[in-house]
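Biologist: I would like to go through this model with you. Could you show it first?

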4 protein chains.
Amino acid sequence: MNFDYSEKVKEYQRKLNDFMSEQIYPNEKIYEEQLNAQQSRWTEIPPILEELKVKAKEQGLWNLFHPDATYGAGLTNLEYAPLCEIMGRSLIAPEIFNCNAPDTGNMEVLSRYGSDEQREKWLKPLLEGEIRSCFSMTEPDVASSDATNVEARIERDGDEYVINGRKWWSSGAGDPRCEIAIFMGKSDTEATKYEQQSMILVPLDTPGVSIKRMLSVFGYDHAPHGHGEIDFENVRVPATNMIWDEGKGFAIAQGRLGPGRIHHCMRLIGAAERALEDLCVRVENRIAFHKPLAEQGVIQEWIADSRIELEQARLLTLKAAYMMDTVGNKASKTEIAMIKVVAPNMALKVIDRAIQAHGAAGVSEDFTLAAQWANSRTLRLADGPDEVHRRQIAKLELSKYKE
Amino acid sequence: MNFDYSEKVKEYQRKLNDFMSEQIYPNEKIYEEQLNAQQSRWTEIPPILEELKVKAKEQGLWNLFHPDATYGAGLTNLEYAPLCEIMGRSLIAPEIFNCNAPDTGNMEVLSRYGSDEQREKWLKPLLEGEIRSCFSMTEPDVASSDATNVEARIERDGDEYVINGRKWWSSGAGDPRCEIAIFMGKSDTEATKYEQQSMILVPLDTPGVSIKRMLSVFGYDHAPHGHGEIDFENVRVPATNMIWDEGKGFAIAQGRLGPGRIHHCMRLIGAAERALEDLCVRVENRIAFHKPLAEQGVIQEWIADSRIELEQARLLTLKAAYMMDTVGNKASKTEIAMIKVVAPNMALKVIDRAIQAHGAAGVSEDFTLAAQWANSRTLRLADGPDEVHRRQIAKLELSKYKE
Amino acid sequence: MNFDYSEKVKEYQRKLNDFMSEQIYPNEKIYEEQLNAQQSRWTEIPPILEELKVKAKEQGLWNLFHPDATYGAGLTNLEYAPLCEIMGRSLIAPEIFNCNAPDTGNMEVLSRYGSDEQREKWLKPLLEGEIRSCFSMTEPDVASSDATNVEARIERDGDEYVINGRKWWSSGAGDPRCEIAIFMGKSDTEATKYEQQSMILVPLDTPGVSIKRMLSVFGYDHAPHGHGEIDFENVRVPATNMIWDEGKGFAIAQGRLGPGRIHHCMRLIGAAERALEDLCVRVENRIAFHKPLAEQGVIQEWIADSRIELEQARLLTLKAAYMMDTVGNKASKTEIAMIKVVAPNMALKVIDRAIQAHGAAGVSEDFTLAAQWANSRTLRLADGPDEVHRRQIAKLELSKYKE
Amino acid sequence: MNFDYSEKVKEYQRKLNDFMSEQIYPNEKIYEEQLNAQQSRWTEIPPILEELKVKAKEQGLWNLFHPDATYGAGLTNLEYAPLCEIMGRSLIAPEIFNCNAPDTGNMEVLSRYGSDEQREKWLKPLLEGEIRSCFSMTEPDVASSDATNVEARIERDGDEYVINGRKWWSSGAGDPRCEIAIFMGKSDTEATKYEQQSMILVPLDTPGVSIKRMLSVFGYDHAPHGHGEIDFENVRVPATNMIWDEGKGFAIAQGRLGPGRIHHCMRLIGAAERALEDLCVRVENRIAFHKPLAEQGVIQEWIADSRIELEQARLLTLKAAYMMDTVGNKASKTEIAMIKVVAPNMALKVIDRAIQAHGAAGVSEDFTLAAQWANSRTLRLADGPDEVHRRQIAKLELSKYKE
């Protein structure tokens, strides 16, 4: 369990940190301004984003997430962790490096389980950053924390599949470049529990697909990416759009969720690190009651606790990454579940303290704190609520004591 | 310390609860839709709001906040507490009953400290709900938790005062009906610490007043009310706009903050009560792992802790109200400080649990939870951050042990 | 819900506070010394205790707990609350006022449900403080949090009952003056769930009763009172020792537990108040890093949070007391459950902070903090663990939403 | 930063775990019984202890703590961590392996800074486990969290030093085998801040040394080891008893505290692991409300949180150990401070949950939980309270932002 960074990783860290300082942080406000200046927040992409993507690609800071060198940087989870952390420091950064959810997960699915045709048609432009994708799994009418609740249907009809269902929290669906959804639904309600579901590719312009609305997260619309509630009504796609095979939906989801979850955690660590930096800078420079806030014992306690929680979350994430690399995602499920609980809660605590130290400025758009807080809060729910992960951890722990 | 509700209070409770059920809850979505349908969120008021105001006024549910029967209902703090709590259940309700911040505080200031002319010109239309007002105290460049930091200036020049300063978090400033600001600034930097500041009335259409931007709170713009950052540059108002007298700013602020703070706390209790209701209804009706969420022990723990925290916060608020009524705001400062710490933190915990129980729906606009959470979060900062209140509570406690 | 103290209560408060200052606090160490000087900690009672009992009785500070004026002071729960709180400030105080558990609960049981003969034989000397009693309900082999788990048996055999069972945490059993146990067990395993159990009086000198050992609480033996593990093996008592009637055990327990629980809570509030006083005095007088600890922001936060938690716990306890007085114990079960969760946890937090502020002295015998902490910790378990109370609170809350 | 266990470490782990299972756990009760059967708890050593020491030594499980192969196993901190953790699972284990505080720290001091004569006379028998030692630094009259507060004096007088001072929490002083104290005091109050203090060896039988009393910890006397309050009155020792040199006390303390602190943390991790095991076993086997406690969601949450907190604390401890090994104790001071805060608080939480799951049994002597809790609680104070460590962490964090 060697957590040292290799020279290759250190070089990427240097380049990424430079890129963040020179290209990302100074353009966060510009991105917002361009977005707000658009006729609609949903119809165009702020130009700065595509400009920065070009620059990132030029510098080789592109598709670092992909563990297969055919498609990306070919880094292990342990190698990618400190890089993904850096990207997590800015909410606009991941896409600029083509490392944003849900596209990363979708690209992994296509590269691992997709047919040649599917890879050519969808994976290639995704890897190039030309199109975007969404993942349609969660449903408004049932508790998705229990995956067997899914009600959507994928039914074979000749050379086609007919798709029906209402999905929401299809993140990325609002983006004008979003062309394809990976849709999860039941293809055989008679099969065994874990073979009822399939995943199928649905182009968003297929008749019967309609985005009913874009959901907000606290007051954020997350435009132009956004979170769509989508109606799929008698949507027909060629049978070749099925991924892997009928009944493989659950198996694909398991493969997809491990990396997806750990990437979220890595980014949250970066978000928390930046919040702690913001906090420290703020309290050094803000005077109240005749001394800098930094000299207040309570503020010092926030800093110490933040540092402590951050270090621990990072080490646990590295351990999970190491295990995924060495014993596989399945054997790492306790560790993945643990960081999925730890990282969002840690980030929420650290960011909340930073907000408090900033006074009212902290809840406003003047810092990225409030937006990062809202994002972190959703990650106590996305990919399973804390409670489901804790339950799994407990069951695995208790299983040690059963014969 | 009798916390029983009088018949008068019970009658108001009945009427308010009925009004909430019949008029407010069903119209929350309509209010949002009307607001979103406007050309701009800032130029008009959703018609439903004014319609409901008329109905509330007709039913005598109007200006219940005002302790002086000349201006309002003439209720004590203890009597108003359970009524204000009910209003706090909906973010659109307080204004419908003409009981929203900062207008209530401003009306109290004008009725207690305003001249006849000031009362005629500003208080009257405020009491009628015809105009709105804002309160310009906090400044972006200094830590406002320490009131002596204020940098704005109010200087006498003949029959006028010349006003300079940058203020922000002037809540309500975005409203097209907002006509007047109460502005706080230093009129005499040589005076003793608590006599340097004054409060003065500044019509928003006075030359030199410019709203630079409207601030967001966790992505919410709170339009059309909003939170303004306002530049006051060589703004000239008649000397008669001074409230009470030069140097009385701090004294007025002290008088204003007690009721203002407790009203916030009362509303937060209502917000938390509604969140707990939402939580209970949700978990009764949501199935995961073959049983309603309500049967999960962890969920039951959330419900129990929420009920416990709510009851305690309400009792402490009632005690503070009772003390304000009987021994005055000054002698109640420990109690006011205590509820100012307790109520927002309690509400945040209860609402956060309700969000978690709702899954992703909880962070969206489908419930009022996320918006209420964001509002509650600002109240750990508004009117003084928790830390300043705790400090004061500690000092008062320690003072018992000094001879 | 009037929480004001009557003149009668204020007079008792004055007398009790004086007695505490003059007689109890200065003798706490002497009590310990006398106890440690005894040949065995279990065979004698430190003389100072009986001396102080005489003084307390002389001053009318005796049996204040008993709500029936025939037996005690005839105070309501609301009246007794602030008095019991004062007694809770010292671990040796309750017995000195004849107000200590489990004797108070046992005396209540006998006065409400006992026969004339039982009252004459056992209640009278208990009220006089001449003998002590214990309560044998909890069993080592089953989870007593679920009362239906009780395995002990009480079987009728002619004019006698034959008693079998292993009980532990029979508090008071170690006391050489302890003469009588109230024993709970099943008299009819075929009866309906709540009518299977009975309570019966068992003199400790009856053949077949043997105290196997005295249990410790953390490192405290709580001698000479103590907590006994008692074996009851074919113990025969006259049938007239049955309390009320066969099958009434559960009904009596319900009646007994309400007051018992609230008394614990009242005492915990007193214990926490004293801890906060100790903390304040300590930090005013202890210098580190060139200033008194009292000037450290973190310490101030402890003080503020302690004051806040204390006030809330006291108000909730008063509300529960008021409700017990007005609507009865059964209708107050939510409130009783709430304070049973709140008071021990609050006391543990406040006392823990006081310990931390005292440094290593805090965990030693030099202050009453460590002993009070250990006592408070047991009260998260005694009379039902927190979790069972929370579960009940949740069920009552959820029941509001079921038709 | 490679946390993998080497083959050597794995072999030690196997042997230690076997020894714990075969020799230690089954003898914990016997140790207690022997101790209680003694005429006094302070005059003799329970025979089982010395018997087990012999066995441990035979198996090479001896002095594993010492990083210098001349004196012990010559393991790095990273290697020793998982071994020390195992020893921490039982309160009687560390001494059986000659790895208990404060003897380990004292042996390290003597081996690093002692003269040949001092090593021959005191280190040798300590390494053999023939004698025991104590460390006399903390004083009752001043806040020892600020080391400059020390008031004790060490004054040169010819060939001797004259020692005066009152020390307490001299752990181990109660042991009949305890022969020597390392005493810290000021030898030159005029020197610069960090050169005023010296450490000197004081045989406990020197005239003028008197143990005033043994202090308790939450009711535990920790006999026969114990915590002494010791009066040093005009105690004269040869000048050759000075360790290293006059004025080196602070430097030695710094060297001593790093390893001392991390050893405590390692042991606490072991204590918490055992508590979690106890918890799991208990809840699998205890039925309430018709199912094992293990199926209660709240209990599962305790288990999950415990596992999460444990893993994180262990990783952070390993990181600190790794850094001490590679960059030295001084450059690791943030990490040492972090684990010093994390480990005791983590252990307290985990053990407290285990206590709660055990019901009243948890606070008794039937499990090691209560005793381990009390021990862990003192470690939030020993070697500096949490607050001092947090303060240091914050200062180091803030220093990154100062030019």
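Modeller: What follows is a discussion of a predicted model, taken topic by topic.

Biologist: What rotation superposes chain A on chain D?

Modeller: A rotation of 180 degrees, with 0.0 Å of shift along its axis, superposes chain A on chain D, and the RMSD is 0.0 Å. The two copies are thus related as by a two-fold rotation axis.

Biologist: And which residue of chain A comes closest to that rotation axis?

Modeller: That is Asn2(A), whose C-alpha lies at 1.8 Å from the axis. The same surface serves both copies, since 100% of the contact residues of chain A recur in chain D.

Biologist: How many residues does the contact take from each chain?

Modeller: Chain A gives 29 residues and chain D gives 29 residues. On the side of chain A that touches chain D, the elements giving two or more residues are helix 8 (249–285), helix 9 (297–326), helix 10 (333–358) and helix 12 (386–399) of chain A.

Biologist: Now to packing within a chain. At what angle do helix 8 and helix 11 of chain A cross?

Modeller: Their axes cross at roughly 150 degrees and come within 11 Å. Angles over 145 degrees count as roughly antiparallel, and helix 8 of chain A is therefore roughly antiparallel to helix 11 of chain A. The crossing of these two helices is left-handed.

Biologist: Which residues make that contact?

Modeller: Helix 8 of chain A contributes Leu268(A), Ala271(A), Ala275(A) and Asp278(A), while helix 11 of chain A contributes Leu369(A), Gln372(A) and Ser376(A). They divide into 4 nonpolar, 2 polar and 1 charged.

Biologist: Over to chain D: how do helix 10 and helix 11 cross?

Modeller: The axes of helix 10 (residues 333–358) and helix 11 (residues 369–378) of chain D come within 9 Å and cross at roughly 155 degrees. These two helices of chain D are therefore roughly antiparallel to each other, and their crossing is left-handed. Among the residues in contact are Pro344(D) and Leu348(D) of helix 10 and Trp373(D) and Arg377(D) of helix 11 of chain D. The contact has 9 nonpolar, 3 polar and 2 charged residues.

Biologist: Last topic: how far does helix 3 of chain B reach?

Modeller: Helix 3 (residues 47–58) of chain B has 12 residues and reaches 17 Å from its first C-alpha to its last, close to the 16 Å expected at 1.5 Å a residue. Just after this helix, Gly60(B) takes a positive phi of about 75 degrees.

Key: Residues numbered from 1 in each chain as written. Chains lettered and ligands numbered in written order. Predicted model: local features only at pLDDT ≥ 70, side-chain atom pairs only at ≥ 80, totals over all residues. Least-squares fit on C-alpha atoms with pLDDT ≥ 70 in both. Contact = placed C-beta atoms within 7 Å. Axes fitted to C-alpha atoms, helices over the stretch in contact; angles between N-to-C directions. Helix = DSSP H or I, 4+ residues; strand = E, 2+ residues; numbered from the N terminus. Parallel < 35°, antiparallel > 145°, perpendicular 65-115°, else oblique. Left-handed = near helix turned anticlockwise from the far one by under 90°. Nonpolar A, V, L, I, M, F, W, Y, C, P; charged D, E, K, R; others polar. Expected span 1.5 Å × (residues − 1).
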